[in-house]
Amino acid sequence: MATYGAAAYRSREGLSTRPGASSDEIQLRIDPMHGDLDDEITGLRSQVHRLRNVAQEIGTEAKFQNDFLNQLQMTLIKAQAGVKNNVRRLNKSIIQNGANNVVHVVLFALFCFFLVYLWSKMSRK
């Protein structure tokens, strides 16, 4: 933390700071002449509580999203492994059975497209 030196810093009337025993400490002296400081301290305390609650909510949300991303990553890894396994099996099946199955599927798809084309031409008339 910064060193505050020997001079006192004045923030408002009745408040002054001076260096503490170590450079990380600041001692605050409050002049009892100004009674409205209690209200300001109470206001500051409530703001600190709200900020702490917001920080805790942000931390909770960040943890939830991190857990969700970890789950999503695991799901994607499993899906990728499944797809890779299925592609390997499909390639093995094509090699063992020859390319006849693929040719039949392509011919069936072309036949279906041809039927849809003819049906669309006839329905326009």
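Trainee: In which element of the protein chain is confidence lowest, and in which is it highest?

Mentor: Strand E1 (residues 9-12) is lowest, at a mean of 50, and helix H1 (residues 37-97) is highest, at 91. That is pLDDT, the predictor's confidence in each residue, from 0 to 100. This is a predicted model, where local features need pLDDT of at least 70, side-chain atom pairs count only at 80 or more, and totals for chains, interfaces and linings use all residues. Residues are numbered from 1 along each chain as its sequence is written, and side-chain values use heavy atoms, leaving out hydrogens and water.

Trainee: Why is Val103 called partly exposed?

Mentor: Buried means under 20% relative accessible area, exposed over 50%, and partly exposed in between (1.4 Å probe, protein chains only). Val103 has 43% relative accessibility, so it counts as partly exposed.

Trainee: What makes the nonpolar surface patch with Val103?

Mentor: Val103 makes it together with Val102, Val106, Leu107 and Leu110, about 430 Å² in all. Nonpolar side chains (Val, Leu, Ile, Met, Phe, Trp, Tyr) are joined within 5 Å, like charges within 9 Å.

Trainee: Where does Val103 sit?

Mentor: In helix H2 (residues 100-124); helices are DSSP runs (H or I, at least four residues), and strands are too (E, at least two), numbered from the N terminus. UniProt's unreviewed entry places a "transmembrane region" at residues 102-120, and that span is 100% helix.

Technical notes
Patches are made of residues with over 30% relative accessible area and no salt bridge: like charges are joined within 9 Å, nonpolar side chains (Val, Leu, Ile, Met, Phe, Trp, Tyr) within 5 Å. Accessible areas come from the Shrake-Rupley method with a 1.4 Å probe; for residues, only the protein chains shown count as cover. A salt bridge is a side-chain nitrogen of Lys or Arg within 4 Å of a carboxyl oxygen of Asp or Glu. UniProt positions are given in the numbering used here, feature names are shortened, and annotations may be inferred rather than shown by experiment.
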